[in-house]
Amino acid sequence: MIDLSKTIDLSTSYLGLKLKNPLVASASPLCEDIGNIRRMEDAGAAAVVLHSLFEEQIEIESQELDRFLTEGTELSAEAVTHFPDMTGYNLGPRGYLDHIRRAKEAVRIPIIASLNGVSIGGWLQYARQMEQAGADALELNIFYVPVDPELTGEAVEQKYVDLVREVKGSVKIPVAVKLGPYFSSMANMAKRLDAAGADGLVLFNRFYQPDFDLEALEVVPNLTLSGPHEMLLRLHWIAVLYGNIRADLGLTGGCHAATDVVKAMMAGAKVAMLTSALLKRGISYLETLVTELLIWMSEHEYDSIRQMQGSMSRNAVPQPSAFERANYMKVLSSYAVR
Amino acid sequence: MTSPSTRSKVTIDGNEAAAYVAHQINEVIAIYPITPSSPMGEWADQWSAERKPNIWGTVPTVIEMQSEGGAAGALHGALQAGSLSTTFTASQGLLLMIPNMYKIAGELTATVFHIAARSLAAQALSIFGDHSDVMAARATGFAMLASNSIQEVMDFALISQAASLEARVPFLHFFDGFRTSHEVAKVEQLTPDDMRAMMDEELIRAHRARALSPDRPVIRGTAQNPDVYFQAREAVNSFYRACPTIVQNAMDKFANLVGRQYHLFDYAGAPDAERVVVLMGSGAEVAEEAVDYLTASGEKVGLLKVRLFRPFSVEHFVHALPASVKSIAVLDRTKEPGAVGEPLYMDVITALVEAQITGKRVIGGRYGLSSKEFTPAMVKGVFDELSKPAPKNHFTIGIYDDVTHTSLEWDPRFSTEVPGTVRALFYGLGADGTVGANKNSIKIIGEETDNYAQGYFVYDSKKSGAITTSHLRFGPRPLHSSYLITSANFVACHQFSLLERMEMLKAAEPGATFLLNSPYGPEEVWNHLPRTVQKQIIDKKLKFYVIDGYQVAKDTGMGVRINTIMQTCFFAISGVLPREEAIAAIKHTIEKTYGKRGEAVVKKNFAAVDEALSHLYEVQVPDKVTALFDIRPPVPAAAPEFVQKVTARIIAGEGDELPVSAMPIDGTFPSATAQWEKRNIALEIPVWDEELCIQCGKCVLVCPHSVIRAKVYDPQHLEGAPAAFKSTAARWKDFKTMKYTLQVAPEDCTGCTLCVQVCPAKSKSEVKHRAINMAPQPPIREAENANWDFFLKIPEMDRRVLSLSQVKDSQLLQPLFEFSGACSGCGETPYIKLMTQLFGDRALIGNATGCSSIYGGNLPTTPYCVDANGRGPSWSNSLFEDNAEFGLGMRLAIDKQNEYARELLARLGSVIGDELVKGLLEADQKTEAGIADQRERVKLLKERLAGLHTAEARDLLSLADALVKKSVWIVGGDGWAYDIGYGGLDHVLASGRNVNILVLDTEVYSNTGGQMSKATPRGAVAKFAAGGKPAAKKDLALLAANYGTVYVARVAMGSSDMHTVKAFLEAEAYDGPSIIIAYSHCIAHGYDLAFGMEQQKAAVNSGYWPLFRYNPKLADEGKNPFQLDSRPPTIPLKNYVYNEARYTMLTKSNPEEARRLLALAEEDVKSRWKLYDYMAHMPANGADKGGNQ
């Protein structure tokens, strides 16, 4: 039997990192465990993006600790305090930074740290600390919900650009930006982030969308795993952006099968990120994906991943308009005809 | 030798000073919490949890025991096995140690007990300081060394340990509770080298060599007979004789090392003094200040400070006393009713007689009981008395005794305050950060300047909205002023609302500075000040500043913590330090204090500092009083006479001025007085939306302060209702024609919002609007007051027509427990209130010491109240450890009285009327109607007995009420039930008697500040479990159920209120012992208590707190008595526990341990559920009748 891995080159590069294949285990609770990260490497992941360090979370934890250490104090002569106030606490990014260190010691594949921040100061400080802890690259997970009606789109965009520029200016390791699709001009936004120095764009973040509990009349958290249908939006924008920006593109959201990986590559992605697929099917599913990818490529006579990357991007297809508004109209009308 | 200059100066309190030394020179520390000594144990536990070593490089083992008796036992064992061992305690705790103390001393064992000396519970409990406790232990054979100041606490902690090792006599090292244990002062910190130099290695080895060991076996603790016990007891004499010299040698060695020289008796004052006072403790500091002042003006007075009280060295005493002395006043801070005199007085008399010193007049007196103020003016009063030709003996000073006329007069205007000392007073509310800020300020002044600094903090007895007063002194000269400030050159009011409650500017001296936290700016504040305040500002020419601290706090993310803001203002105005230096110092302290809690916390505090300065304004004081209102009277005019004459004075802060005649002679006080103390502490109060309300009663049930009430009544009672009074049609099938009103007591609410959180009725068009919503109190206060008064006049519902097992119906019953001082959002009080609603009119309550005894029985007012017939709970607190037994005793008395009354009925049958007797004897009192009928019969009986003049008839008349069913409730917290009182509780459960035990399980010793009990869950951080509690919570419910004859219920109101109500009814109905273990959320759990009920639900849903009832009656009926009432876990344990800081703290301080303990706790939940489920499905009486869920 032929060992396809010997004949087909799955390697790719992402953010300047050489990867053995385009499969990246993306940020999920699975990455909180070093054993899982080892298992990911063994199953064939080319890199791992750690779960996000949420600056907001750090701040909330610190505020809460302070609040509850002080809230019950000085209530009465007998109960001046209610808790022992220890000399030190494991607050802030310490636990996360240790995790980076331990992950780096545990595996040989690149470890990409993920940072979700809210303030310039926080981003810079944590980004630097992650670099020092040994992260091979950073993924800025920009998860910003602009609810203030006074805040213009322009201002929001500028905030993104400034954040990226600041972080890029303060670390030497490559920086990718994971962002959502909700920009008036996605392509322009991508270009501006590119210009700000982003080494990669990861498309797209899936935003937390709270649900309603109709019995309790309460707003409740809702987190569902991604489905394959969600990939289309990503494919579309990767195909549009490919070739127009310098930064590498990564696809995240909806990638569940080897053919999805192929599509991602053809649209122009350097890597396909896997989260829901692994949560649903387990880490070992990576092995299956690698095998199926090889088989598909072999059957379709592809030699390498590089060969197919961008092959169906907007610039590479005969009808670029397929990616434009007319296409959207066509789909709708064809749907109506049925 | 370390030179003094290299020792650091620290600003700490007495407890920390003692613990600092004790932790470093011991190996095994056995502890138990008791105010005011608890912080010593807390420090020791925390330092060991943080792996801080002692001077020999090993971390002392700290263990919390189930009681002080247990701690003493463990300590005794540790000493016997050769460890250096110590403990910390006070008051009743010390009393519980006494049996072991005789043993330890009898066996000549070296140890030091550090005591924050406190009053003993007699006519009342008091947490405050005097020497009653240590004096009760003076016969044990322990040496007794008194520290008078914080520095001395640190020094004597070491000297006593060194001396004890050499003397082989155990020591009580004591200092005044609160005044010294809690005073913050700048002291020189001893170094580990100092301790090493004092702790003789040879003596330590000798101590170990005397230990029990199977390698060199001996027997100790034998039983001896009349032939030799006496001689053996005398065998220790030489050690006691040598002890004083050994102590003096240790003091001399210490002086060589550190530079501070102490003596067994230290004399201060004129060398040729004619009048001398003798005393020990913090009062000696006060006396020294007075003596310094008086001698400076030429008076021949002096002070003899007693340091080593036991063994009392006559020789050293006589030597220390100037020969010129003509008269001596001995001051004791304790009382021994019936004795010739108090202990120190007796010793002084004896010493003089034994030394054959004659011709000196000696008088003795009492001062300072329960931290009663003791001032230089009082010292002068004593000296003045000594000048009289026939001075009063057995006097008291500091009170006005108009009954037995023991009291001496003093001139309160006499002041010895040192010129140049800044004296600042700060008024705030508990938890607003005032005290914390002032502790920080004292640290800054103490550690950043050359000034001496002292801080002392006074709280009122409420747990919600307690008024705090901070007394700060600092200046270039040493401070001996161990008394409160009554003349201040800086007064700060951190809470605007306090201006109308107390006359705080009384203490401002002319020209002083007044800083006010005011929602009104410099232009408009004047007209919002009461007349008295305006007048004092004008008359005393005060410099007046305002800042809107709450606005600054809000803007800078500080929430409602105004500490940093007010502290900054204080430094900015007072000029203690140059402004820039002060700001830098404040910021430095912020870094030090909050840095470990994260940068965000530091940042917001920095912002608060910066913003404070730009919002601080000086007010241009007008020259006229313009206000149309004044300070409110402490109680309304309608209050009864006792409340007006006594309670109101205490509320107004004038309790010190009440004479002896105003006090009940035996500690008995009227109940139902909390209603007169209108505290107005809520910024927002609930407002009812009658349209939306479904009348479920949940808000009434959960209200911790009984401020939400519901009534169903005849519409005719609406006549004359205030315009704003709300009512709606009652939603009861049987009361369709009646009206329903839900009313809030606006001035008694604490604003906890539990009611809003629990309200199930949400508006269809805006879900945040419920049937009850919070609204600012001031604008609606007057209207709601009128509504409340009107509501109270509407008759209560007839208890007989209600279906009490329905929550909705039960909440129409009048609570006979209202407006307590419990914490805002308290999780305990709703259960107590429910109990009083259901059974309060025939309840006797024995209450263990703890939160429930403090909010239940701490003066000035009492929350237990009465119904329209004058009936209500009769309540008493005996001790902490004996509550089950105490309640059982009540039951025994009632049963005996009932039995005797029934016998008398039988004897007097025909005289009274056979039918009435039959009715009385055979009455079915299972229902409210049955009880009401019996009351009617008893009334008739009394009428008939009144006409009879036989001894038996008179006896029966005095016992007739015992024929009505009584309900005995034994109430307490988990510290009592699981730990200190468990032995008694267990015995009472086994007694078979009809008592109802209510365990308010907060899973820590809440009242003393959150120390671990055996109810503390695995993985939770508590004091004494700083590293997370390693063991699982004791399953008290299951242990009780194990008897098979005890009704047991584990309830959580927030999970199932119906289950709770049912359990209370069943427990009371069961003719035998019942125990209800009630999940009580608590401020010591570390989350916003507004969500207390939701957290209770999570506790049940996670399987952590399964609800069950064990009813032995069911077994009689052939059913399984064990009923599991909640469902299998539906949420992971972490979804419950990680809502609370007590658990999340461990994830911050020791993440790995947190993970390990969580995993174990998850296992606990699983295995317990399995067991309960098995029990619930066990066949009953051999037949498979199954449990029901």
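A residue is buried if 20 or more other C-beta atoms, placed from the backbone, lie within 10 Å of its own; it is exposed if 12 or fewer do, and partly exposed in between. This is a predicted model, in which local features need pLDDT of at least 70, side-chain atom pairs count only at pLDDT 80 or more, and totals for chains, interfaces and linings use all residues. Residues are numbered from 1 along each chain as its sequence is written, while chains are lettered from A and ligands numbered from 1 in the order in which they are written.

**Exercise 1. Determine how strand S7 of chain B is covered and paired.**

Solution. 
- Helices (H or I, at least four residues) and strands (E, at least two) are DSSP runs, numbered from the N terminus. S7(B) spans residues 171–176.
- Check burial. Six of the six residues are buried, so S7(B) is largely enclosed by the rest of the structure.
- Find the partners. Two strands pair if DSSP finds at least two bridges between them. Strand S5 (residues 112–117) of chain B runs parallel to S7(B) over six bridges. Ala116(B) stands opposite Phe175(B). Strand S6 (residues 143–146) of chain B also pairs with S7(B) in the parallel sense, over four bridges. Here Leu145(B) stands opposite His173(B).

**Exercise 2. Describe the six-stranded open sheet of chain B and the helices packed on it.**

Solution. 
- Write the order: S9-S11-S10-S13-S14-S15, with mixed pairing.
- Locate the edges. Strand S9 (265–269) and strand S15 (395–397) of chain B each pair on one side only.
- Take the twist. It averages 25° from one strand to the next. Angles run from 0 to 180 degrees between N-to-C directions; axes are lines fitted to C-alpha atoms, for helices over the stretch in contact.
- Inspect one pair. S9(B) and strand S11 (residues 301–306) of chain B run antiparallel, joined by five bridges. Asp266(B) has Lys305(B) as its bridge partner in S11(B).
- Two residues are in contact if their C-beta atoms, placed from the backbone, lie within 7 Å. Helix H11 (residues 282–296) of chain B touches S9, S10, S11, S13 and S14, and makes about 160° with S11(B). Helix H13 (residues 343–354) of chain B touches S10, S11, S13 and S14, at about 145° to S13(B).

**Exercise 3. Describe the eight-stranded open sheet of chain B.**

Solution. 
- Write the order: S29-S28-S30-S31-S35-S34-S36-S37, again with mixed pairing.
- Find the edges. Strand S29 (874–876) and strand S37 (1122–1124) of chain B each have a single partner strand, so one side of each is left without a neighbour in the sheet.
- Take the twist. The average is 15° from one strand to the next.
- Inspect one pair. Strand S34 (residues 1047–1051) and strand S36 (residues 1108–1110) of chain B are antiparallel over three bridges. Val1048(B) stands opposite Tyr1110(B) in S36(B).
- Place the helix. Helix H35 (residues 1057–1069) of chain B lies across S30, S31, S34, S35 and S36, running at about 160° to S34(B).

**Exercise 4. Place Arg314(A) in chain A.**

Solution. 
- Start with the chain. Chain A has 13 helices and twelve strands.
- Locate the residue. Arg314(A) lies in the loop between helix H12 (305–308) and helix H13 (325–337) of chain A.
- Count neighbours. Arg314(A) has 24 C-beta neighbours inside 10 Å, so it counts as buried.
- List contacts. Leaving aside neighbours within four places in sequence, Arg314(A) touches Ala239(A), Val240(A), Pro320(A) and Phe323(A).
- Check one separation. Arg314(A) and Ala239(A) are 75 residues apart along the chain, yet their C-alpha atoms are separated by 5.2 Å.

**Exercise 5. Characterise the side of chain A that touches chain B.**

Solution. 
- Count both sides. 32 residues of chain A are in contact with 40 residues of chain B.
- Find the main contributor. Helix H3 (residues 55–71) of chain A gives the largest share of the chain A side, ten residues.
- Sort by class. Ala, Val, Leu, Ile, Met, Phe, Trp, Tyr, Cys and Pro count as nonpolar, Asp, Glu, Lys and Arg as charged, and the others, Gly among them, as polar. The chain A side has 13 nonpolar, 13 polar and six charged residues.
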